[in-house]
Amino acid sequence: MRGVGVLIAMMVLLPGWAIAQSVSATVDRSVVSTDGTTFFITVTANGGRIAEPVIPHAEGIHITRTPFSRSMGTSFQSINGNATTVNQRKWVYRAMAQREGDLTIPPITVNVDGKKLSTDPIQLRAEKPAQSALPQTPGANPSQSNAGTQTNNRQPTMDDAVLIRTEVSSQDVYVGEAIELKLKFYKFNSPSVNARYTAGAAVPAPTTEGFYAVPPLPAPLDDAIETENRFEYYVSSWGQRLFPTRPGKLTIGSWHWVGRVVAYTSGGTANRMIDEKTDPIVVNVRPLPDPPRGFSGAVGQFSARATMDTTQLTQGVPATLRIAVQGMGNPDAIGAPKLPDIAKAQVSGPDIEISNLPQDRGIEKVFSYSLVPVEPGALEVPPIEYVYFAPAIRQYKTIKTNAIPCTVTESSENTELIVSGGSTAGSSDSVRVVGSDIRAIVSTPRGLTIGRSTWPENTVFALFPPIGFGIFALFMRRQKKFSNDTGYARKYHARTKSQKRLAKVATSDTPTETLYRAVIGYIADTFNANEAGMTSGDARMILLERGIPAELIDTAVKVLKSCERAHYGGNELSAQEIGALTDAAGSMMDATDAIVKKKGR
Amino acid sequence: MTGIVLALMIAATTPDAFSNSFERGVAAYQAEDYTAAAEFFEQLVASRVEDPVVFFNLGNAYYRAGRPGHAIANYERTLRMDPGFFAAQDNLEMAKAKARRNLAPPLGPGWQQALLFWAENLSFPALRLMAIFFWCLFWLCLALCVWRTVPYLRGITGVVLVVALLCGLAAWTRAHREPIAVVVEELVAARYGPDEGETVRFELFEGDHVAIDLRQDGWARVSTVDGERGWTPESGLAYVDPPYNTTSSGPSE
């Protein structure tokens, strides 16, 4: 029984030992390109427990560490009648050559059943890029194409991936004649080829200076499949209608396409920057022949029709006459028709509306006139001529609208009044009734004077108020300072006040007292000191402190002491002495004033 | 010689000379010689006399002579000087009724229409006087603010300043508005460029109003109310704003 158990255990465990463990690596080609085309490395390991391979660093080759694909399989082997289980794992890695020359992929190690097994090194040859063949759509085999007499049986390459074309309907036109500009972008018709514009948010349009463009930027058209160079392309188109605005040679600039093309081929992914530019297109623009009278300015092919909003009109009540011009041409140049005189009616306007006709049948420009019947009875809007230039026949063409008979019923208003219409500035519906004749001239002029420029007096009036305000503000500021700053006020008025006092000395009953008060008062006011009880000694101290020169101090003190002696000694001074002292005091005050002002500045 | 010429020029431009031309113009008009009347009034315009009555009478003379384009231009000139000249308003309507299409003048910028709508019917002198008055009033209020404290005076001063600035802006825009002209010939071609050889872009009729964008060598680049733009000879236009272009020979019937 025990022997049976050992046998069973051996049957289970032995196969693992008996499995041939192996690791190998292959590449899908031996010669690779350096143009960014990827190639694939396949690592295969056989065994029981198989770990992930360790990808080594390969000089000159970039290998993506994350496998592009993985697969695993299990097979049963019978060796000498023993059934065994074999696991096989495969990894496919993407790689890209980074330089030209001989390259080596070092051994790749895989842990199989606890053993580190390595692959053999792989030798590769990296070469400059050859033209990658593009994947073709089934059925687009060039040899089966029916593209005329061309004998192009070559395989498409990346050079054939993208094409751009600029097409115009005509390169010899008249001023104002429409030119259809078409920008076409050809992408090789295969889902494996992608193209993307990379130089900005939108593909820029070519320059169209000298043309009036409708729409302002090329608009997308329907996509199509076209054969070019016997290859099939998916074509995206943009269209624009151009109207030359002046005669001469006008140029439609180059169309520039900068982008990237990615092609997924059987040989890997091919990547290519594309910088394509079309040639400029020169358009010969001929001037229009001498226009006939009444030429509307329109160039193209047009039809015109006239309608009234009602044919039952009332005298003095405005109705609307619409003239619609339809066709292919520059909407900006479609001028208003020349209205003939409509008897018994006043016409004003027009208001203009522009709209696009469906199915690209051109545009419609509607001119709406306000028509006011002035007399009752029958009224007919006569046929209206519309003159335009038809480039197809190279001459001017005149078309006519239909006549519109109308009936005008009498208004209850005074029929002698004249009704005048408004204008296109939004007042065409308002009708103002004025007198039947103009107002008479005025025989007295208001003032026959020559018109003159008003800027000198305007300048005066503009500048005078702020200048006056400035003077007033300065005055108010000083007044405020006088009221708030006593010292400033006393100092400001000191000289005037003392001069008045000195002037009274000669006529005073007590001249020495008056002179003394004048000098003391001046010093007290000038230096903002208390006048009451000030002696000559105090005055001397104040003048010394304020840096007044010694000779002026001496003069002041002498005058004051003379007055004090006369006052306290009882010896009145003579008139000559008083005069001399007064003069000395005046001189001292003048000199002190000058020094104080100088210091103040 | 120079002195004599100067003296003659001064004599010719004295108020007496102006009065004489005016009276002769009125007399010719009353004698139904509208061509002569227009010539006398045109002489006054050529002498740079700016009196709304002269333009009004000139408009009447042209109207009677069957030239609605010139009549419209002169009534417009009258109303530019005195928007309250009701007789000119009425006669302008009559003249417009005689014109073929009456294309209105292009509207001014939107901000002007929104901000200065109240000034539409005020003349430039009135606006100028208002601006000066409120400007002086503002500084007076400001001085009053400096002098003593008065309730609400600061707010009133601010309002007066705003009014003064608005009046000033209105007067300035009136003095510098886009020049307008009236087509005075029966049919005037507007071309792509200032040359007779250029292609005709659109046509203007007598009495149509256009704005003048540019003047160059006897040509004017005009734009219409519906956005059309082209070059026309200046001889086919009468400018509504000074400097006025006058016809030397007066109207032709």
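## Briefing: a cis proline pair and the A–B interface

B:Pro243 sits in the segment that follows β7 (237-239) of chain B. Its peptide bond with B:Pro242 is cis, with omega at about 0°. The model is predicted. For the complex, the predictor reports an ipTM of 0.77 and a pTM of 0.44. Chain B and chain A bury about 5,000 Å² between them.

**Confidence, chain B**

- Chain B has a mean pLDDT of 86. In chain B, 91% of residues reach 70 or more.
- Among the elements of chain B, helix α4 (residues 52-64) has the highest mean pLDDT, at 94. Helix α1 (residues 2-12) of chain B has the lowest, at 46.
- Residues 1-12 of chain B have pLDDT below 50. Beyond near neighbours in sequence, this stretch makes 3 contacts in the model.
- Residues 248-253 of chain B also have pLDDT below 50. Here the model shows 13 contacts beyond near neighbours in sequence.

**Confidence, chain A**

- Chain A has a mean pLDDT of 80. In chain A, 85% of residues reach 70 or more.
- Over residues 6-17 of chain A, pLDDT stays under 50. The model gives this stretch 3 contacts beyond four places in sequence.
- Over residues 413-435 of chain A, pLDDT again stays under 50. For these residues the model has 49 contacts beyond four places in sequence.

**Interface: extent and polar links**

- The size of an interface is often given as the accessible area lost when the parts come together. For chain B and chain A that figure is about 5,000 Å², with 59% of it on carbon and sulfur atoms.
- On the chain B side, 54 residues are in contact with 59 residues of chain A.
- The rule finds 3 salt bridges across the interface. A:Arg439 and B:Asp90 meet through their side chains in a salt bridge, at 2.4 Å from N to O.

**Interface: the chain B side**

- Elements of chain B that give two or more residues to the side touching chain A are α2 (15-30), α4, α6 (86-98), α8 (124-147) and β3 (200-205).
- Helix α8 of chain B gives the most, with 10 residues.
- By class, this side of chain B has 31 nonpolar, 8 polar and 15 charged residues.

**Aromatic pairs**

- Over all chains, the structure holds 24 aromatic pairs.
- A:Phe469 and B:Trp139 form a tilted pair. Their centres are 5.4 Å apart, and the planes make an angle of 50°.
- This pair crosses between chains. A:Phe469 lies in helix α2 (residues 455-484) of chain A, and B:Trp139 in helix α8 of chain B.

**Salt bridges**

- The count over all chains is 28 salt bridges.
- The side chains of A:Lys184 and A:Glu167 form one, at 3.4 Å from N to O.
- A:Lys184 is in strand β13 (residues 179-188) of chain A and A:Glu167 in strand β11 (residues 162-168) of chain A, so the pair ties together parts 17 residues apart in sequence.

**Backbone points to check**

- Most residues other than glycine have a negative phi, and most peptide bonds are trans.
- A:Val214 and A:Pro215 are joined by a cis peptide bond, with omega about -10°. A:Pro215 lies in strand β15 (residues 211-220) of chain A.
- A:Arg230 has a positive phi, near 70°, and is not a glycine. A:Arg230 is found in the loop between β16 (224-228) and β17 (231-244) of chain A.

Notes. Residues are numbered from 1 along each chain as its sequence is written. Chains are lettered from A and ligands numbered from 1 in the order in which they are written. Side-chain values use heavy atoms; hydrogens and water are left out. pLDDT is the predictor's confidence in each residue, from 0 to 100. Helices (H or I, at least four residues) and strands (E, at least two) are DSSP runs, numbered from the N terminus. Contact means heavy atoms within 4.5 Å. Buried area is the accessible area (1.4 Å probe) that two parts lose on being put together, summed over both. A salt bridge is a side-chain nitrogen of Lys or Arg within 4 Å of a carboxyl oxygen of Asp or Glu. Ala, Val, Leu, Ile, Met, Phe, Trp, Tyr, Cys and Pro count as nonpolar, Asp, Glu, Lys and Arg as charged, and the others, Gly among them, as polar. Rings of Phe, Tyr and Trp (its six-membered ring) pair if their centres lie within 6.5 Å; planes under 30 degrees apart count as stacked, over 60 as edge-to-face and the rest as tilted.
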